[in-house]
Amino acid sequence: MSGIAMPKPSQELLRNKAQIVKDLQRIISGEGVICEEIELRPYETDALTAYRQIPLAVVLPETVEQVSQILKYCYANEVKVVPRGAGTSLSGGALPLADSVLMSMMKFNQILDIDLPNRAVVVQPGVTNLGITHAVQHEGFYYAPDPSSQIACSIGGNIAENSGGVHSLKYGLTTNNVLGLEMVLMSGEVIRLGGKHLDAEGYDFLALLAGSEGLLGVVTEVTVRVLQKPETARAALIGFPSSEQAGQCVADIIGAGIIPGGMELMDKLAIDAAEDFVHAGYPLDVEALMIVELDGPEAEVDRLLQEVSSLATQNNSTYLRVSETEDERNTFWAGRKAAFPAVGRISPDYLCMDGTIPRKALPQVLKRMQVLGEKHGLRCANVFHAGDGNLHPLILYDANNPGELEAAEAFGADILRLCVEVGGVLTGEHGVGIEKRDLMPEMFSETDLKQQQRVKCAFDEKHLLNPGKVFPVLHRCAELGRMHVHKGQLPFPNIPRF
Ligand SMILES: Cc1cc2nc3c(=O)[nH]c(=O)nc-3n(C[C@H](O)[C@H](O)[C@H](O)COP(=O)(O)OP(=O)(O)OC[C@H]3O[C@@H](n4cnc5c(N)ncnc54)[C@H](O)[C@@H]3O)c2cc1C
């Protein structure tokens, strides 16, 4: 792996692999434990494919009791556990460690309860994001957060990464749409948080778990809010002669008090790639393309579309097309939703970054990113949730050319530093994982990071769940004042520091 230090594997655990596998097979019989190298290979990476590591073993539990028993066993024997959903993480969140058990949750694939009077659906964590909408759409409902990976990614992974999508601008991220969870702690204990009711007493643990990146527990059941489909939804394609003008238009639309259902931007490289791949009817003579969707009652949508188009004209737009049918609206989005794989067709490899900035800084940041691209000698395609200020620069490189991965990583780090410099944050929706781990001190002070680790210690004091992710330096819980140190003897002296 390039440049990313991970906790050193325990030689003792590696030597004991056969015994560990035998013990796990006592908990899950049959094909639920995978230990042969050739069968482990598909689990060696997630969508951050630049990094790979075969785990010690993979387990595929089917019941909460099995999850609990496995975690209890791993806790007692100090075996690390990496939870995994569909493996589409772009930040390396599901990357295994050599001495870890990878716990795939994809056999938890049942919809348990559809409760439309309460606008709630209860599902197992391996259900895909889109699967939830499919289960309720015949009744006119849908699940709002819609990552572009929604056909594949699991709701468990969405919670761990606090995923968003093109409609999060108006309807929120995962955290705003989850009502309840069941989760198994590293000790094997099962906890339940929230439910179909509104608001819960006590600390807001649900919010804490959304975006916890598999570091605090394994989610085994999820209750989500579903929404009624809006009466009308229409999308406009608006082309601009430059990304800066498009960025300014985004800021002006929000500044005018309009919150579109979605507002996305693509630059020239991304427009060309998406059009070539999907034939969405995108104009090819513009430098930046905005998709703005307005939804709600028909009269309101018509009025807002007019306001948006006059703001676009004020920002020198050169192209405007409004969807006339549902098919046309879906085609506009199809190009955007396939933009990542489309860019994958024009470059052997790409790194997808995920920083968030205050919207007002968009024109300035887009300009400075161009300069950074020249400095690092790499091309960058921009596809992003413009309304949220959530950037997804796709840095194009070829891993076969020596030094290009390192250059791409350095370019990406510079972009994220820029996001923090203008008052933004390191991640919008893809999580920190290993990708942004070492940049955390750019944003957080030592005290901030220690306080976050104290929360981690409260859930997993042995640091066995998904180690090596999120925190740049792993502090022993004892150092953080969580544990009693008796005569200099630390309770867990073998916790790796890296
Ligand atoms: C082409 C493409 C487009 C994408 N577009 C978007 C987008 O628009 N918006 C967006 O937000 N993301 C996007 N992503 C990123 C990714 O799809 C999301 O982060 C998604 O939520 C990951 O879900 P997963 O099931 O694949 O999880 P995995 O990749 O398997 O795991 C991700 C993290 O979740 C943890 N985890 C998984 N399941 C559980 C569980 N049951 N309990 C506890 N922890 C768990 C893992 O340990 C890991 O830390 C995209 C990815 C790709 C490849």
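In what order do the seven strands of the open sheet run, and is the pairing parallel or antiparallel? Hold that thought for a moment while we take in the whole chain, bearing in mind that this is a predicted model.

Counting elements, you get 17 helices and 20 strands. The radius of gyration is 23 Å, close to the 23 Å that the globule rule gives for 498 residues, so the chain is as compact as a globular protein of that length. Along the principal axes, the C-alpha atoms fill a box of roughly 70 × 55 × 45 Å. Among contacts with a separation of 6 or more, 73% link residues 24 or more positions apart.

One stretch comes with a label from a record. UniProt, in an unreviewed entry, lists residues 51-229 as "domain: FAD-binding PCMH-type". In the model, residues 51-229 are 21% helix and 26% strand, with 40 Å between the end C-alpha atoms.

Now back to the sheet. Its order is β15-β12-β14-β13-β18-β20-β16, and the pairing is antiparallel. At the edges sit β15 (319-322) and β16 (349-352), each pairing on one side only. On average, neighbouring strands in this sheet are turned by 15 degrees against each other, direction ignored.

Zoom in on one pair: β13 (residues 262-267) and β14 (residues 288-296) run antiparallel and are joined by six bridges. If you'd like a spot to start looking, Asp267 has Ala288 in β14 as its bridge partner. The sheet has a helix packed on it too: α15 (residues 404-421) touches β16 and β20 (393-397), and the direction of α15 makes about 160 degrees with that of β20.

Definitions and conventions
Residues numbered from 1 in each chain as written. Predicted model: local features only at pLDDT ≥ 70, side-chain atom pairs only at ≥ 80, totals over all residues. Helix = DSSP H or I, 4+ residues; strand = E, 2+ residues; numbered from the N terminus. Rg over C-alpha atoms; globule rule 2.2 N^0.38 Å. Contact = placed C-beta atoms within 7 Å. UniProt positions renumbered as here; feature names shortened; annotations may be inferred. Pairing = 2+ DSSP bridges. Axes fitted to C-alpha atoms, helices over the stretch in contact; angles between N-to-C directions.
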